[in-house]
Amino acid sequence: MMQVELQFSGGMELLFDNQRSIKAQLPDAVTTMRHLIAHTKETYLKERPELFIQGDTVRAGILVLINDADWELEGELEYELQPRDVIVFISTLHGG
């Protein structure tokens, strides 16, 4: 098993039982961001999955950082997870 830290802000924490940070123990099958997003949805998401996930990726309007870098620079869904990675999900969608 590998441990990573999941962080949620910008309202994302409301979908995860008001948790801003989760130390996630990942099964061996979870090796990429694609797997992590599915695992996060199945294991930690408490409500309104349509606000987190769209298809096999995060919904548009959610900024994803991997160790403080935009995931677009890291390969997005294909990024290979490393022990102690910090993955941050930030919602940029705000009601008005």
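Phe8 and Phe89 are both buried, a word used here for residues with under 20% relative accessible area, while exposed means over 50% and partly exposed falls in between (1.4 Å probe, protein chains only). The model is a predicted one, so local features need pLDDT of at least 70 and side-chain atom pairs count only at pLDDT 80 or more, whereas totals for chains, interfaces and linings use all residues. Residues are numbered from 1 along each chain as its sequence is written, and side-chain values use heavy atoms, with hydrogens and water left out.

Aromatic rings make a handy place to start. The structure has four aromatic pairs. Rings of Phe, Tyr and Trp (its six-membered ring) pair if their centres lie within 6.5 Å; planes under 30 degrees apart count as stacked, over 60 as edge-to-face and the rest as tilted. For Phe8 and Phe89, the ring centres are 5.8 Å apart and the planes sit at 15°, so this pair is stacked. Phe8 belongs to strand β1 and Phe89 to strand β7, so the pair ties together parts that are 81 residues apart in sequence. Phe8, Phe16, Phe52 and Phe89 make up one aromatic cluster.

Next comes the sheet. Helices (H or I, at least four residues) and strands (E, at least two) are DSSP runs, numbered from the N terminus, and two strands pair if DSSP finds at least two bridges between them. Five strands form an open sheet in the order β2-β1-β7-β5-β6, with mixed pairing. The edges are taken by β2 and β6 (69-70), each with a single partner strand, so one side of each is left without a neighbour in the sheet. β1 and strand β2 (residues 21-26) run antiparallel and are joined by six bridges; in β2, Ser21 is the bridge partner of Gln7. With strand β7 (residues 86-91), β1 pairs in the parallel sense over five bridges, and Leu6 stands opposite Ile87 in β7.

Glu5 sits in strand β1 (residues 2-9) and has Val86 as its bridge partner in β7. At 16% relative accessibility, Glu5 counts as buried. Its side chain makes a polar contact with the side chain of Gln7 at 3.0 Å. A polar contact is a pair of N or O atoms within 3.5 Å; within protein, one must be able to donate a hydrogen and the other to accept it, and residues adjacent in sequence count only if both atoms are side-chain atoms.

The buried residues of α1 are Met33, Leu36, Ile37, His39 and Thr40. They cover an arc of only 165° around the axis, which puts them on the same side of α1; the arc is that of the directions from the helix axis to the C-beta atoms. Thr40 is buried, with a relative accessible area of 0%. Leaving aside residues up to four places away in sequence, Thr40 touches Leu6, Phe8, Phe16, Leu45 and Phe52, where contact means heavy atoms within 4.5 Å.
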